[in-house]
Amino acid sequence: MISNLIYRKIFTLLKVQYSNMLEYRVEIALWAISGIIPFFMLNIWTNNNLNETINISDVLLSRYFLCAFFVRQFSVVWVVFSFEEDSLMGRVSPYLIQPLNPFFRYFAQHLAEQITRFPFALIIAFFFFIFNPESIWIPNLGILLLSIVSTFLSFLIQFLIQSIVACLCFWTEKASSIERLLFIPTLFLSGLLAPVVSFPSYVKSWIYLTPFPYLIDFPANLLSGNETNISGGLSMQILWIFLLFPLFKKIWSEGTKKYTAMGS
Amino acid sequence: MVKNIIDVRNLSKSFDISSKEPGLKGTIKHFFRRQTKSLKVIKDISFKIKEGEIVGFLGANGAGKTTILKMLCGLIYPSEGSILVSGYLPFRRKDNFLKNITLIMGQKQQLIWDLPPIESFYLNASIYDLDKFEAKKRIKKLSEMLEIDEELFIPVRKLSLGQRMKSELLAALIHEPNILFLDEPTLGLDINAQRNLRKFLQRYNKETNATICLTSHYMKDITSLCKRVICVHEGSISYDGKLDLLLKKLSPVKEILIVCRSEEDANKLENSGFTVKNKIKNEITIKIENNSITSSLKTILNNFDIEDLFINEPPIDEVIGKVLIKKNYDI
């Protein structure tokens, strides 16, 4: 009975948010297109034969960057900006007095946006294969499923990190500026610009202790068929979620005590 | 005996406010050394509200009415004192408490802007654990009460303010809360929309015995809905009691416009000992104390040739206005 209610709640949230996202389909298509940075990076890597320095073939590298594009499409998070705006405009207030944590709404918004993005991402992948036919491959079902799980875990990690930063709105009002500090390590250490394997080994050992390589590098390597430690990567993703979730709950509970309901 | 559903004791709330001197010097100083001070916006207030009561919170802008409502519904934490609403500590925001209350803020919306209101209604219904059949039933009932129909299927952004407010009400009441916190619910609505909203709230209160706490700057909202008012002045309660008692206390006299048959009669009346406010030809306005109104009118009608007579209540806005600027009213 309880699980049925939760299922219905999640399903309705997703359905409504999906309808809402469809209203913004053109905007979402543009967002999908704007996420093609991995393809620029691929171009830089192959034109300069940089892949030879890390012993990855052209084909595997192009698959890696295509997968990085896909993982990014399905793990992009903007909750800090939405929450900050809603908080400043007083829109959080009605959500706070409903028996559902407002972050579930943002979570559903993100998932709905990902579903809306999916066809656009497929179209971009289709064009990628037209220009790079040698990169076409079909991952085996097991790897595909693990990659989907890993991409979802990557999304969860990013969502939790940004939600923690978003909760700082209760103290600073402009939490998005703190998020910008996180943008630099996310960009460089996540594998979006270069596979983490290309970093010097002493740097790599430190990077793997942070959550960043599990955001794009690990799921992209997994999906593209590059050599990777599957159980180690998934365990680290789960570990980060277990570390971040209680931290989010604590900051949320402290932050709501500070809430002044400004703008409302 | 009707039980108290809201019990507030020695409640205070302080906010940290940062201040900045004007000009470039002030800006630089503010950047390096931010000065904040604690401002007590609610000062040691206590009151109780009974189940089914409609209570109006009156006060000037910034008096603290909205802050009180926000604390009552659990949106903000109190600094001192205790609040019990329906047996719960509001700021803990337990699910069972939240399912019992609603907060409606004029011009603040929870409806999804780009979708028709019906989508938000079903979303709220699932948040409050209502099944689809029950949700449908409640939407039908409330939309009939609020007299909205086609508007349910039009995107919110295309609705008028009045239609939007009705939809907001429906969204906020779908879980049939028994305590309603309404902060300026008629703000910006035209006269007809205001009247319909008041009618709806009266009906909702009558049918569900819901307790309603209301703030409004429109005196008509207060006079037509609330028997009891709590006046808030600079964070303290300056009056808590029946509205009609307050009005009697603040305006102990009525104004009576008397149209005499001749100017001569009017002159005679002017010199007969009544307090005259003004006199224009055969029309004279006199002030009579509430407790002697029957006997005074009898005397006038027996002794003077009267063509017409009007008894005027003093404008309620003027009367209430007096309360908002005074610290204490003992009645």
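How closely do the axes of helix H8 and helix H13 of chain A approach, and at what angle do they cross? Hold that thought for a moment.

First, the ground rules. This is a predicted model, where local features need pLDDT of at least 70, side-chain atom pairs count only at pLDDT 80 or more, and totals for chains, interfaces and linings use all residues. Residues are numbered from 1 along each chain as its sequence is written, with chains lettered from A and ligands numbered from 1 in the order in which they are written.

Now the helices. H8(A) covers residues 141–167 and H13(A) residues 230–258; their axes come within 9 Å and cross at roughly 25 degrees. That makes the two helices roughly parallel (angles under 35 degrees count as such). The crossing is left-handed, meaning the near helix is turned anticlockwise from the far one by less than a right angle.

Over to chain B. Strand E8(B) spans residues 228–233, and five of its six residues are buried (20 or more other C-beta atoms within 10 Å of a residue's own, C-beta atoms being placed from the backbone). Strands pair if DSSP finds at least two bridges between them. Strand E3(B), residues 54–58, runs parallel to E8(B), joined by four bridges. There, B:Leu58 has B:Cys231 as its bridge partner.

Strand E9(B), residues 236–242, runs antiparallel to E8(B), with six bridges. B:His233 stands opposite B:Ser236. Two residues lie between the strands of this hairpin, and B:Glu234 takes a positive phi near 45 degrees.

Conventions. Buried ≥ 20, exposed ≤ 12 C-beta atoms within 10 Å, placed from the backbone. Axes fitted to C-alpha atoms, helices over the stretch in contact; angles between N-to-C directions. Parallel < 35°, antiparallel > 145°, perpendicular 65-115°, else oblique.
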